[in-house]
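Please consider the structure shown below, with attention to its charged side chains, its helices and its sheet. The paragraphs that follow lead through these topics in turn.

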Amino acid sequence: MPGWNWPILTLMVLVWGLPAQARVTMRVFLTQTGGVLQLGSSTPAQVIDPQGRLVTSMPSMSRVQGQSQGGQVMLAGHKAPFFWLQPAAGGYVYVGDGWYRGRVLLLARNGLSVINYVDLEEYLYSVVGAEMYSHWPAAALQAQAVAARSYAVTKRIQPVDRYYDLGTTERHQVYKGVRSEQPSTRAAVHATRGQVLTYKGGVVLTQYAASDHIVRDVFGGRGMSQQRAYELAKQQYNYLQILGYFYPGTRLGRIHGY
């Protein structure tokens, strides 16, 4: 059915026009609280204020409490409308009860809002492991990686909020930080690095769900059934064949710089 009219968002700048060194950073809304939030870093970290100044340094594996009061973020004895918490290269940041790659923005907005700024590919390490069983065949995981990457990029172009691109739940894509990563999910992301599904010059808004009947009932039959992707992979379909099965008429594109 190559004539299907897939929902697309134009990505001429991102897919075709980025310089080689460019990267796509996802802005993922993690949590919002009116109370106190535990924060930390696995490596030495810096707290940066809105003017880009170093406010304080944090030793590795230390904890600090953050909260919002009177429209200001209160953190380590300092206050400002927002702060960045940035671990040293290769470090993870701790938010609430989990570890995340990248850095976080602590924003005074309806309480304390926390937004994770994370490289697209590293974001996908977690999404693939949260959306599919990590022990499933590599082809299924690779198809999931491309579908999740395509969906994420469309949300980067058309974010759900001015401060972030998408959330962490099934309403968007499930994202659990480091705890849902596995060697198999990282391998699936690496094997498909930078690949997205395109249609008529834009990136496809790749809908997917757990089963055939959910895809049928929620998306009108257009999208990937994760259970069926598993079954196709068990039948020796590769990830390109799986994607072609669920998204007919689309083509594989690549984000420059990846």
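Which side chain meets that of Arg228 in a salt bridge? The partner is Glu231, with an N to O distance of 3.2 Å. The term salt bridge denotes a side-chain nitrogen of Lys or Arg within 4 Å of a carboxyl oxygen of Asp or Glu. This is a predicted model, in which local features need pLDDT of at least 70 and side-chain atom pairs count only at pLDDT 80 or more, whereas totals for chains, interfaces and linings use all residues. Residues are numbered from 1 along each chain as its sequence is written, and side-chain values use heavy atoms, with hydrogens and water left out.

Arg228 and Glu231 lie three residues apart in helix α6 (residues 226–234), so about one helical turn separates them. Helices (H or I, at least four residues) and strands (E, at least two) are DSSP runs, numbered from the N terminus. An α-helix has 3.6 residues a turn, so residues three or four places apart point the same way. Arg228 is partly exposed, with a relative accessible area of 26%, and Glu231 is partly exposed at 31%. Here buried means under 20% relative accessible area, exposed over 50%, and partly exposed in between (1.4 Å probe, protein chains only).

The whole structure holds 10 salt bridges. One of them joins Arg109 to Asp161 at 2.9 Å, N to O. This pair links distant parts of the chain, 52 residues apart: Arg109 is in the loop between β12 (103–108) and β13 (112–119), and Asp161 is in the loop between α3 and α4 (183–191). Arg109 is partly exposed at 26% relative accessibility, while Asp161 is buried at 17%. A salt bridge also connects Arg53 with Asp49 (2.8 Å, N to O); Arg53 is partly exposed, with a relative accessible area of 49%, but Asp49 is buried, with 8%.

Although buried, Lys155 has no salt bridge, and the nearest side chain of opposite charge, that of Asp165, is 10.0 Å away. For such assignments Lys and Arg count as positive and Asp and Glu as negative; His and the chain ends are not counted. Leaving aside residues up to four places away in sequence, Lys155 touches Val160, Asp165, Leu166 and Leu205, where contact means heavy atoms within 4.5 Å. As for the helix itself, 17 of the 20 residues of α3 are buried, so α3 is largely enclosed by the rest of the structure.

Six strands form an open sheet in the order β2-β13-β12-β9-β4-β5, with antiparallel pairing. Its edge strands, β2 (25–33) and β5 (54–58), each pair on one side only. Two strands pair if DSSP finds at least two bridges between them. β2 and β13 run antiparallel and are joined by eight bridges; Thr31 has Val114 in β13 as its bridge partner. Helix α2 (residues 120–131) packs on the sheet and touches β2 and β13, its direction making about 105° with that of β13. Axes are lines fitted to C-alpha atoms, for helices over the stretch in contact, and angles run from 0 to 180 degrees between N-to-C directions.
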